[in-house]
Amino acid sequence: MMKPIVMGLMFVLASLSGCIASEDTTSSSVEAIFDFSPRDNIRVGQIIDFDASASLPQGVSLTYQWDFDNDGSYDESGRTTTWSYSNSGTFEVKLAVKDGTTTAYQTREITVAPEDAVEPEADAGSYSDFTDCDGDSVSTGNFYLYYICEMDKSLSSKSITSTVSVNLDGSNSGSGDSNEYISTWEWDLDLQKDTDGDGDYKNDADLTGEEVEWKDVAPGEYKIALTVTNGAGLVDTDETIVYVNYVGKWKDFSIGGNNSNSAVEIEFDYMVVNDNNAGNTIRRSQAELVYPKEDSDCQPVFGTDNCRAKLDIYGYNEEDEKAGDTSATGVDQRSSGDCDEDTDCVWLQFTGSYHYSDSEWGDGEWMYVIQNDMINDLDIESFTIRLIYK
């Protein structure tokens, strides 16, 4: 009883694709599939190569008939062929594939521009925040750079889940000719996915418009593309990168003492991505801890130095394996960075190569942990996590 439902879903998906339509197919054993090259910026008189080699079933003797203007009359035959158009316009190309008893069809549109038509020039734009989360100036270039700055986080939220809205601007794109105009701006936000199934990974219209808002962007590095089409039907694509860095800081809190022969821990979760295939690669994740050298309410125990504080940072990967810690850093080596004479500083960093998805540790949901092995409750001035993609 499930087969009619599955077949119904297949036809719904085909109708939603926007590129491929099937009709008069009486059996699933024969399927007409073709491609053509070039796909874009085709002009009058230009030779177009058509290839139906992907039609099914493979290894079976099939016949192929081509109707290049869908007027009901076949113009060419053969698994591969060529054609050119003497007039500009949009044409429906129809392929009929037969196995002797069953015929399957596929229809696709081709836009042909005048011979002297000029291609547009896509410009995906750029942007950089003026300063980073510490108030320092940032680099600029042909990319987008955003910072998520949470500089006074509460311990009620020890996970990094914040996102940012990215404003993409294609207004500097050109139509290619003073007599032309840009008819569409199409933004592809994931160059690893071919969501419309046309074989082109750079033309999926996730957002449309000259200036658009891309919402809920998490820290990361994103390769995107803008494709513009002018009134003549010619297109151009420009790729760029969107970087989103993150800095979160927790201030003025304390950690309990080790009174039961078990270290006290405070855990902070964060997502890290280092996927070379997708081009989403973190440069580093870093935790920074600043705390008083001596706790204000410490009661010295005779013969000990129990009031000299020592806190450490531990890092764990998605499998809860310890990737590194600061325990080997002595108390006399903790006076650099943001420290003054009354505070100690310690930091733990993992570079992008360490987070690489094929490495021993990999990416995913990681955790920084503040650990107190001392019996005293200790104050913490600040704890900062940085996720740097640019």
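Which side chain meets that of R43 in a salt bridge? In this predicted model, the partner is E119, with a distance of 3.7 Å from N to O. The two residues belong to distant parts of the chain, 76 residues apart. R43 lies in strand β2, residues 42-43, while E119 sits in the loop between β8 (103-113) and β9 (127-128).

Let me turn to the accessibility of this pair. R43 has a relative accessibility of 18% and therefore counts as buried, since the cut-off for that class is under 20%. E119, at 34%, counts as partly exposed.

I move next to D312. The side chain of K310 meets that of D312 in a salt bridge of 2.8 Å, N to O. A salt bridge also forms between the side chains of R334 and D312, here at 2.6 Å, N to O.

K310, at 23%, counts as partly exposed.

A further group deserves mention: D35, R39 and R108 are joined into one network by salt bridges that share partners.

To close with the total, the model has 11 salt bridges, among them R43 with E119, K310 with D312 and R334 with D312.

Terms used:
Residues are numbered from 1 along each chain as its sequence is written. This is a predicted model: local features need pLDDT of at least 70, side-chain atom pairs count only at pLDDT 80 or more; totals for chains, interfaces and linings use all residues. Side-chain values use heavy atoms; hydrogens and water are left out. A salt bridge is a side-chain nitrogen of Lys or Arg within 4 Å of a carboxyl oxygen of Asp or Glu. Helices (H or I, at least four residues) and strands (E, at least two) are DSSP runs, numbered from the N terminus. Buried means under 20% relative accessible area, exposed over 50%, partly exposed in between (1.4 Å probe, protein chains only).
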